[in-house]
Amino acid sequence: MAAPASRPDRAYHQDYICRIRYENNLPPPPGSVKLLDIPIDGLDYYASPGFASRLHRSQPINIEADAELGMPIDLVGMPGVFDGDESAIQAPLITPPIHPKDKSLLRPLSELGKPKYQGGGISFLRRTEYISSDTARARSEAAPKSTPKPSNPRLRKPVDTSKDDPINVLRAAVKGFDIANPEDAYIGPDTNDNIKGLEPTPAELEAWRDPRHPLKSNLKPIDFYPILPDHSADTDTGSYIVAKFSANPTQVVDKRDTRMDVGILRPIDDDAMLAEHNAKVAANKADPVRNPHPGGALFNYHFYLPADEISAGNLKRKLDVHAPDRDDPGLYTTSNRDGKETFRLGLQRMYETGRATAQDSDHAYREIALALHDAEVEANGSESAPDAEERSKNAAYYYPIMQKIQLKPHRSKNLAQLGMASRLHDDEDPTKIDAYDAFVDDLDEYEKANRSARRAELLGEEEEVQDEGI
């Protein structure tokens, strides 16, 4: 049927791809094809079982099969095996080169299976393959490659290097305080005492009003705690030490030993060790490149614990400023020679510092301990606490950690048990104290003055003690 006159004729271009699976390159026979009459009368003779038996007897197999089938597994006769030298049965240190015929046997699993198409010789009886992608690839490789045009430098996105500027970093930190306390935000020009924070974005303001979990949007915060310093718990040095034992210091293994909460670590003064540490610190200040910082001083310690969990519980209640019965004298479990009520803590063993890391004064708050204070939960007994007014609100109090030490049993004691070092008799050790009689009392005038000076150093002598946090 003829096509309508209104429809133009279209030319369809079709390609027929045919692959020759077998090609005979041998010349044709010189003569005409002939059919030869070959007798097959001996087929029964060659197929009989007797022929195979006679062939086996007349033609022995030319294979030397030893008892180990070519793989020596008998260690007798190997040089040096029984003397501890196993080099004769180990692989050589230098791997010998692989024979080209063995490389095909060492191919990885990813290269096994269907072979890739090659434009050269075609193997016999290959399966059907699509070569259109290979043809297109070959055409693209044959075409001349065009040189890419250089990108326009004006179109590149400029990198904002001002974000790393110290002033800009300080403005970003002030912005967090301005979002938390918008009524105290400084909006004037920059001075030596005040600096204006960056302008918060609407997304940051919304995140502060309605905080959400970054990964789980269905989670909602149930309470907020401002991060504040706990000046009522300031120590004489203004920081804390985290001690970790390399092994269990007590015999309790099936549960947590609550006596560890009130244990005492008593440092042993060693003038020679302290002088060596001070010399290393001085050398580090003189040449930090050649002399690394030695860290914290490696002291030895005596470790003391209460006798039982009852004494440990009473001591914990005595130290708890929120416990209603902390002033009960019946909490003490023993008395000293003067008749004063005390807690008895006995010596467990002597420890030495295996590893110590210390923070310098410029990075005093790189590591801190955080404690959440809930005013409603700790309301019982808080009226009698010395810091009841300061702790009237929920807060997360932080405590700076200036040193971390790892304690292990004293070395000379272990060597003495093995007979490798001499050991002082217990009565000859001048630093040993068998037990401590501890009692809880208020700070004296010297301790109050020392901690007040430390607080003034942190807050400034002319600044008022104010709680700030985000």
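Visitor: Two strands count as paired if DSSP finds at least two bridges between them. With that settled, how many bridges join β4 to β6?
Guide: Seven bridges join β4 to β6 in this predicted model. The two strands run antiparallel.

Visitor: Which residue is the bridge partner of tyrosine 304?
Guide: The partner of tyrosine 304 is leucine 347, which belongs to β6.

Visitor: And β8, how does it pair with β6?
Guide: β8 covers residues 395-409 and pairs with β6 in the antiparallel sense, over seven bridges. Within this pairing, threonine 357 has lysine 404 of β8 as its bridge partner.

Visitor: What about β9 and β6?
Guide: β9, at residues 435-438, is also antiparallel to β6, and four bridges hold the pairing. Here leucine 345 stands opposite tyrosine 436 of β9.

Visitor: How many bridges join β5 to β6?
Guide: Two bridges join them, and the strands run antiparallel. β5 consists of residues 334-335. Serine 335 stands opposite glutamate 341 of β6.

Visitor: How many residues lie between the strands in that hairpin?
Guide: The hairpin of β5 and β6 has five residues between its strands. Among them, glycine 339 takes a positive phi near 85°.

Visitor: Back to glutamate 341: which residues does it touch?
Guide: Leaving aside residues up to four places away in sequence, glutamate 341 touches Tyr332, Thr334, Ser335 and Phe439. The C-alpha atoms of glutamate 341 and proline 329 are separated by 7.6 Å, although these residues are twelve apart along the chain.

Visitor: Why does glutamate 341 count as partly exposed?
Guide: Glutamate 341 has 38% relative accessibility, so it counts as partly exposed.

Visitor: Let us turn to the rings. How many aromatic pairs are there?
Guide: The count comes to nine aromatic pairs. One of them joins tyrosine 46 and phenylalanine 51, which are edge-to-face, with 5.2 Å from centre to centre and 85° between the planes.

Visitor: Is tyrosine 46 buried or exposed?
Guide: Tyrosine 46 counts as exposed because its relative accessibility is 54%, and the exposed class begins over 50%. Phenylalanine 51, at 24%, counts as partly exposed.

Visitor: Why is the pair of phenylalanine 303 and tyrosine 351 edge-to-face?
Guide: Their planes meet at 80°, so the pair is edge-to-face, with the ring centres 6.2 Å apart. Planes over 60 degrees apart fall in that class. This pair links distant parts of the chain, for phenylalanine 303 is in strand β4 and tyrosine 351 is in strand β6, 48 residues apart. Both phenylalanine 303 and tyrosine 351 are buried.

Visitor: Which residues do ring pairs link into a cluster?
Guide: Tyr45, Tyr46 and Phe51 are linked into a cluster by ring pairs.

Visitor: Which charged end sits over the ring of tyrosine 351?
Guide: The charged end of arginine 349 sits there, 5.8 Å from the centre of the ring. Elsewhere, lysine 340 lies over the face of phenylalanine 439, at 4.6 Å from the ring centre.

Visitor: A new topic: where is asparagine 168 found?
Guide: Asparagine 168 is found in helix α5, which spans residues 166-180. The relative accessible area of asparagine 168 is 19%, so this residue is buried. Between asparagine 168 and glycine 197 the C-alpha distance is 8.6 Å, and in sequence they are 29 residues apart.

Visitor: For the whole chain, how many helices and strands are there?
Guide: The secondary structure comes to ten helices and nine strands. Of the 470 residues, 17% count as buried. The chain exposes about 38,700 Å², of which carbon and sulfur atoms supply 55%. Among contacts with a separation of 6 or more, 72% come from residues 24 or more positions apart.

Visitor: What is the mean pLDDT of the protein chain?
Guide: The mean pLDDT is 75, and 74% of the residues reach 70 or more.

Definitions and conventions
Residues numbered from 1 in each chain as written. Predicted model: local features only at pLDDT ≥ 70, side-chain atom pairs only at ≥ 80, totals over all residues. Heavy atoms only, no water. pLDDT = per-residue confidence, 0-100. Phe/Tyr/Trp six-rings, centres within 6.5 Å; stacked < 30°, edge-to-face > 60°. Buried < 20%, exposed > 50% of the residue type's maximum accessible area, 1.4 Å probe, protein only. Lys NZ or Arg CZ within 6 Å of the ring centre and 35° of its normal. Contact = heavy atoms within 4.5 Å. Areas by Shrake-Rupley, 256 points an atom, 1.4 Å probe, with all protein chains shown as cover.
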